[in-house]
Each structure stands twice: as structure tokens, then as C-alpha cells.
Amino acid sequence: MKRAYIDEIHCNGCAKELFHIFQNIYGLSNVSVSVDEGYVLYEGFVSERIIIEALENTKFNLIRIEKEKKWAER
């Protein structure tokens, strides 16, 4: 799982819009959005550039992507 921290997530409407954006990126699955924490959680392998391009012409900006640590590593 990876977390894409996104600027400008303020409400459930933002979360719904981001969910649809990430759901439509080929290669990503299990998408969920945390409004409180300001990130999109997903599985898959795409470059940061692909996510930036998917967010183009929206109010959202990618801040950073972090790989979620496995349970054994925590």
C-alpha cells in the first residue's frame, strides 16, 4: 500500500472526486481517501508523474508519496 498525500482535501466531496481520479488510473486498486489525514491510500505501481498528470486541471496537488510499512516492520 502507498499513501499519496494531497493538498486541498477538505470534505467528503473532495474525497469522492479523488477516489474517482485514482480509481481511473490504470494499475491502481483498493483506493481509499482519508479526509482527516489528507491522503489517498492505494495499491499498485505507477510513477509519481502519472499521478501528477491525473491531478492536472484539478484543485489538488500531490505533496508526496510514502510506502506504507508492513505490519512486521512496525
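Buried means under 20% relative accessible area, exposed means over 50%, and partly exposed is in between (1.4 Å probe, protein chains only).

**Ground rules**

I'm working on a predicted model, where local features need pLDDT of at least 70 and side-chain atom pairs count only at pLDDT 80 or more, while totals for chains, interfaces and linings use all residues. Residues are numbered from 1 along each chain as its sequence is written, and side-chain values use heavy atoms, with hydrogens and water left out.

**Cysteines**

I looked for disulfides (pairs of cysteine sulfur atoms within 2.5 Å) and got 0. What keeps Cys14 from bonding to Cys11? Its sulfur is 3.7 Å from the one in Cys11, the closest cysteine sulfur, and that is too far for a bond. I also checked accessibility: Cys14 has a relative accessible area of 3%, so I noted it as buried. Cys11 comes out at 37%, so that one is partly exposed.

**Aromatic rings**

A pair of aromatic rings is described by how far apart the centres are and by the angle of the planes. My cut-offs: rings of Phe, Tyr and Trp (its six-membered ring) pair if their centres lie within 6.5 Å; planes under 30 degrees apart are stacked, over 60 edge-to-face, and the rest tilted. How many aromatic pairs does the whole structure have? My search turned up 2.

Tyr5 and Tyr39 are edge-to-face, because their planes stand at 65°, with the ring centres 5.5 Å apart. I found Tyr5 in strand S1 (residues 2-7) and Tyr39 in strand S3 (residues 39-44), so this pair ties together parts 34 residues apart in sequence. Helices (H or I, at least four residues) and strands (E, at least two) are DSSP runs, numbered from the N terminus. Tyr5 and Tyr39 are both buried.

Next I looked at Phe22 and Tyr42, a tilted pair with 5.8 Å from centre to centre and 40° between the planes. Phe22 belongs to helix H1 (residues 12-23) and Tyr42 to strand S3, 20 residues apart, which links distant parts of the chain. I have both Phe22 and Tyr42 down as buried.

**Charges over rings**

I count a charge as over a ring if NZ of Lys or CZ of Arg is within 6 Å of the ring centre and within 35 degrees of the ring normal. The charged end of Arg3 sits over the Tyr39 ring, 4.5 Å from its centre. Over the face of Tyr5 I found Arg64, at 4.2 Å from the ring centre.

**Ser34**

Leaving aside neighbours within four places in sequence, I see Ser34 in contact (heavy atoms within 4.5 Å) with Ile9 and Tyr39.
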